[in-house]
Amino acid sequence: MPPYGEFIFGHEYAGDVVAVGSTVDEFRVGDRVVVEAHMGCRRCENCIRGHYTACLNYGNARRGHRANGFTTNGGLAEYALNHVNTLYGIPDGVSYEEATVVMTAGSPLFGLENAGGYFAGETVVVLGPGPIGLMTIQLAKALGATRVILTGTRASRLAMGRRLGADLVVNSKESDPVAAVLDLTGGKGADLVVDCAGGDETFDQAIHMAKPGGKLLLVAFYHGPVTADVSDAVRRNVTIYTERGEGGTSVGRCLALLGAGRITAKPLVTHQFPLARVREAMETLENRSGDPMKVVVNP
Ligand SMILES: [Zn+2]
């Protein structure tokens, strides 16, 4: 394993098995696989309890922790060595490109599971129609939510959210998203609010959108400290959940959902580049040119 900081990155990737270790009988050479980023150390108390994305030895390669593509060679390397417990076979009918995007679904699925994982007949609000938000809409539907409300600022993204299952969309530029959610829920608030936006105001908005006794799930990373009326959450008994990475083997289960057609990743792959044009791929994402969502580099 290369020393930390001396590796080829890329943590969302799929490929073919070209060699297996002597004890590996789960996969064969030629199998199509997708890689999960997190591999816990398998020796700390969190890993032993199954919480490997919150490994207490995170980043400590000496103690066996790996984050594929973060601390070891990842998807932009010609070959990458992965522990068998971070690989999942790609179902027939699912392309490499779609499989590459599956971690974008794995993270919110893990978060939704942390928040109970069962939303039959409930109303879920998703803030932020980025790739994670668009996956969250589909997953909330797959987990039984009857009404999903999406809030955001870009009309094209909100329209895509509609196509991917959002029942109602609110453009936060045009109307107050908190007032809109309260209005749409008869003043009650939503059963679950998921912040996939990570904006300066979205944590506060999410608190006020949740019903008394409701749930709030924070999936996004914020740019820095944010201000929110947390006392309102305390007063109204709103429970706040977080997620770290795609734990609980959620990547494998998202692949199954993809294979069964219950969620789709196709519309999220907006750009593809050959490996030789990797710089252009990075710049496309960096400069947001052509409204990219997921930019896939295909060797
Ligand atoms: Zn650990």
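Within what distance do the axes of α3 and α9 come, and at roughly what angle do they cross? Point 3 takes this up.

1. **Ground rules.** This is a predicted model: local features need pLDDT of at least 70, side-chain atom pairs count only at pLDDT 80 or more, and totals for chains, interfaces and linings use all residues. Residues are numbered from 1 along each chain as its sequence is written, and side-chain values use heavy atoms, with hydrogens and water left out.

2. **The main core.** Start with the largest nonpolar core, which has 49 residues. A nonpolar core is a set of buried Ala, Val, Leu, Ile, Met, Phe, Trp, Tyr and Cys residues joined through side-chain atoms within 4.5 Å. Buried means under 20% relative accessible area; exposed means over 50%; partly exposed lies in between (1.4 Å probe, protein chains only). Val34, Val124, Leu139, Leu192 and Val194 have the most contacts inside this core. Several elements each supply at least two of its residues: α3 (102–114), β6 (123–127), α4 (131–142), β7 (147–152), α5 (155–163), β9 (190–195) and α9 (250–259). Helices (H or I, at least four residues) and strands (E, at least two) are DSSP runs, numbered from the N terminus. A second, separate core has 18 residues, including Val178, Val181, Val193 and Ala206.

3. **α3 against α9.** Two packed helices are described by the angle between their axes and the distance between the axes. The axes of α3 and α9 come within 8 Å and cross at roughly 110°. Axes are lines fitted to C-alpha atoms, for helices over the stretch in contact, and angles run from 0 to 180 degrees between N-to-C directions. The classes are: under 35 degrees roughly parallel, over 145 roughly antiparallel, 65 to 115 roughly perpendicular, and the rest oblique. The crossing of these two helices, α3 and α9, is right-handed. A crossing is left-handed if the near helix is turned anticlockwise from the far one by less than a right angle, and right-handed if clockwise.

4. **Who meets whom there.** Contact means heavy atoms within 4.5 Å. From α3 come Val102, Met103, Ala105, Gly106, Leu109, Phe110 and Glu113; they meet Ser250, Val251, Arg253, Cys254, Leu255 and Leu258 of α9. By class, the residues of this contact of α3 with α9 are nine nonpolar, two polar and two charged. Ala, Val, Leu, Ile, Met, Phe, Trp, Tyr, Cys and Pro count as nonpolar, Asp, Glu, Lys and Arg as charged, and the others, Gly among them, as polar.

5. **α3 against α4.** Here the axes of α3 and α4 come within 9 Å and cross at roughly 55°. That makes α3 oblique to α4. The crossing of α3 with α4 is right-handed. Thr104, Ala105, Ser107, Pro108, Leu109 and Leu112 in α3 meet Pro131, Ile132, Met135, Thr136, Leu139 and Ala140 in α4. The contact of α3 with α4 has nine nonpolar residues, three polar and no charged ones.

6. **Leu192.** Leu192 is among the residues with the most contacts inside the largest core. Leaving aside neighbours within four places in sequence, Leu192 is in contact with Leu112, Ala115, Phe119, Thr123, Val124, Val125, Lys215, Leu216 and Leu217.

7. **Helix α7.** How many of the eight residues of α7 (residues 202–209) are buried? Six are, and the helix is mostly covered. The buried ones are Thr202, Phe203, Gln205, Ala206, Ile207 and Met209.

8. **Leu182.** Leu182 sits in helix α6 (residues 177–184). At a relative accessible area of 26%, Leu182 is partly exposed. Not counting residues up to four places away in sequence, Leu182 touches Gly187, Lys188, Gly189 and His208.

9. **Two positive phi values.** Asn237 has phi near 55°, a positive value in a residue other than glycine. Asn237 lies in the loop between α8 (230–235) and β11 (239–242). With 55% relative accessibility, Asn237 counts as exposed. Asp291 is not a glycine either, and its phi is positive, about 50°. Asp291 lies in the loop between α10 (278–287) and β13 (294–298). At 29% relative accessibility, Asp291 is partly exposed.

10. **Tyr222.** Tyr222 is in the loop between β10 (210–218) and α8. Tyr222 and Asp200 are 22 residues apart in sequence and 7.5 Å apart in space, C-alpha to C-alpha.
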